[in-house]
Amino acid sequence: MLAVIGAALKLRSGAGANVAIHEHIREGLRLALGDAAGDLDDTQIAPLLVEIEMAFVESGELFREPDRTAQWKIEDRNHLQAMGRSSSNAFDRILGLASTRPSLQAALDGVFLDVGTGVGGIALRAAQTCPDLDIDAIDIWEPALRLAAENLAASAHAGRIRLRRLDVTALDPGPRYTLAWLPTMFMTLPVLEQAIDRIAAASCSGGWVIAPLYTSPDDPFMAVMSSLRTLRSGGEVTQAAQLDALLRARGYVDIEVDVGPIATFVMGRLA
């Protein structure tokens, strides 16, 4: 069903197909989504296709390697690049949040810390959309960093991105950062606590941190799958309330929780 939805969206964007096949795909989309299929506009199609691609990549990896250890050590180039394309959508969401939060908007004129940059998807999107923002992109996974270097080299915006192999728990104190991205789903609780400590010490007064975790849906099966995704990524924290408490204990105020279909953002401002 997901493949049919993705195929139909691709055909809407101009791809060709056999007439009979195309008709069956469109009928499959209608049966899968009903009237909602017609509500999608062109601006929604590209990010949705990226999320569908990511769902197939992660599902295939789970099927092939159900016995792998509970940590994030993906080496497959296509998987890593798909994750980068998917993660870049997160910065567009940050821009949307900033449009109604003046202090978060102001943070986009400073220095952005992209923790766990992977192949650089978020960092590149930040540089593309925020011309006054400098970016520190850090990671510890060498296969991803090699791809990030390639992706940066192919971008016209790479001049404002500093790519480094650095563990967030070894981050130097500041004040430097006006905004930090901290993907909690890849961290055990002890590492996450150290990471928040380091980010707080390296941030400017009033600096923001946005800490996403995978959204836990109401549907019981999907909730279990969300927790499974976190565990296989090496993470531990699955509830927004846990992150809220961790941030408050380290001096963050104005904590907000923004729930999305894939990820929930827990965000706050350093007092």
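A: **The sheet and its strands**

An open sheet is formed by seven strands in the order 3-2-1-4-5-7-6, with mixed pairing. Here strands (E, at least two residues) and helices (H or I, at least four) are DSSP runs numbered from the N terminus, and two strands pair if DSSP finds at least two bridges between them. Strand 3 (161–165) and strand 6 (252–259) stand at the edges with a single partner strand each, so one side of each has no neighbour in the sheet. On average, neighbouring strands of this sheet are turned by 15° against each other, direction ignored; the axes are lines fitted to C-alpha atoms, for helices over the stretch in contact, and angles run from 0 to 180 degrees between N-to-C directions.

The model is predicted: local features need pLDDT of at least 70 and side-chain atom pairs count only at pLDDT 80 or more, while totals for chains, interfaces and linings use all residues. Residues are numbered from 1 along each chain as its sequence is written, and side-chain values use heavy atoms, with hydrogens and water left out.

Strand 5 (residues 203–214) has nine of its twelve residues buried, so it is largely enclosed by the rest of the structure. Buried means under 20% relative accessible area, exposed over 50%, and partly exposed in between (1.4 Å probe, protein chains only). Four bridges pair strand 5 with strand 4 (residues 177–181) in the parallel sense, and Ala-180 has Val-209 in strand 5 as its bridge partner. Between strand 4 and strand 5 the chain passes through helix 8 (residues 189–202), in a right-handed β-α-β crossover. A crossover is called right-handed if, with the strands pointing away from the viewer, the path from the first strand over the helix to the second runs clockwise.

Strand 5 also pairs with strand 7, here in the antiparallel sense and over seven bridges; Ala-211 stands opposite Val-266 of strand 7. Strand 7 (residues 263–270) is in turn joined to strand 6 by six bridges, and the two run antiparallel. Within this pairing, Val-253 has Arg-269 in strand 7 as its bridge partner.

Of its 271 residues, 43% count as buried. Among contacts (heavy atoms within 4.5 Å) between residues at least 6 apart in sequence, 72% join residues at least 24 apart. The C-alpha trace spans about 60 × 40 × 35 Å along its principal axes.
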